[in-house]
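Biologist: I have not seen this structure before. Can you walk me through it?

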Amino acid sequence: MNVPSMPERTPKALRTAIATYTPKLLVDFDRHWRRDIADAYDLAPVPAFMARWWGEFALARDPELEAKVHRLEDGAAREPDGARAVSLVEEAGRIRREAAKAQPGQ
């Protein structure tokens, strides 16, 4: 499978990549942008916005990896053993964090 490269680390480039490769994320991305960033006079929330959506795109651009994370999270929700559920959630979180470390062009 050919996973698209990460875009430049700008809101515009990230939005273009989402629209092109993971359009299922676009409505939420735009809603979040309009709600928290578009009319802001303070740019302080931009880094948190970018971090969240950078990670979301980094995971969603690889359908196999995204499916693995969702299987882990779904498994944790159904797991009766609390320790096992925690382990599944931790593994899903680790994968999400690793995906979010992707750099532009990777």
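Biologist: What should helix H3 span at 1.5 Å a residue?
Modeller: The 15 residues of H3 (residues 46-60) should span 21 Å, and the end C-alpha atoms are 21 Å apart, which agrees. The expected span is 1.5 Å times one less than the number of residues, and helices are DSSP runs of H or I, at least four residues, numbered from the N terminus.

Biologist: Where do the numbers come from?
Modeller: This is a predicted model, where local features need pLDDT of at least 70, side-chain atom pairs count only at pLDDT 80 or more, and totals for chains, interfaces and linings use all residues. Residues are numbered from 1 along each chain as its sequence is written, and side-chain values use heavy atoms, with hydrogens and water left out.

Biologist: Is Trp-53 buried or exposed?
Modeller: Trp-53 counts as buried, at 1% relative accessibility. Buried means under 20% relative accessible area, exposed over 50%, partly exposed in between (1.4 Å probe, protein chains only).

Biologist: How many aromatic pairs are there?
Modeller: The count comes to 3 aromatic pairs. Rings of Phe, Tyr and Trp (its six-membered ring) pair if their centres lie within 6.5 Å; planes under 30 degrees apart are stacked, over 60 edge-to-face, the rest tilted. One of them is Phe-29 with Trp-53, edge-to-face at 5.5 Å centre to centre and 80° between the planes. Phe-29 lies in helix H2 and Trp-53 in helix H3, 24 residues apart.

Biologist: Which residues form the aromatic cluster?
Modeller: Phe-29, Trp-33, Phe-49 and Trp-53 form one cluster.

Technical notes:
Helix = DSSP H or I, 4+ residues; strand = E, 2+ residues; numbered from the N terminus.
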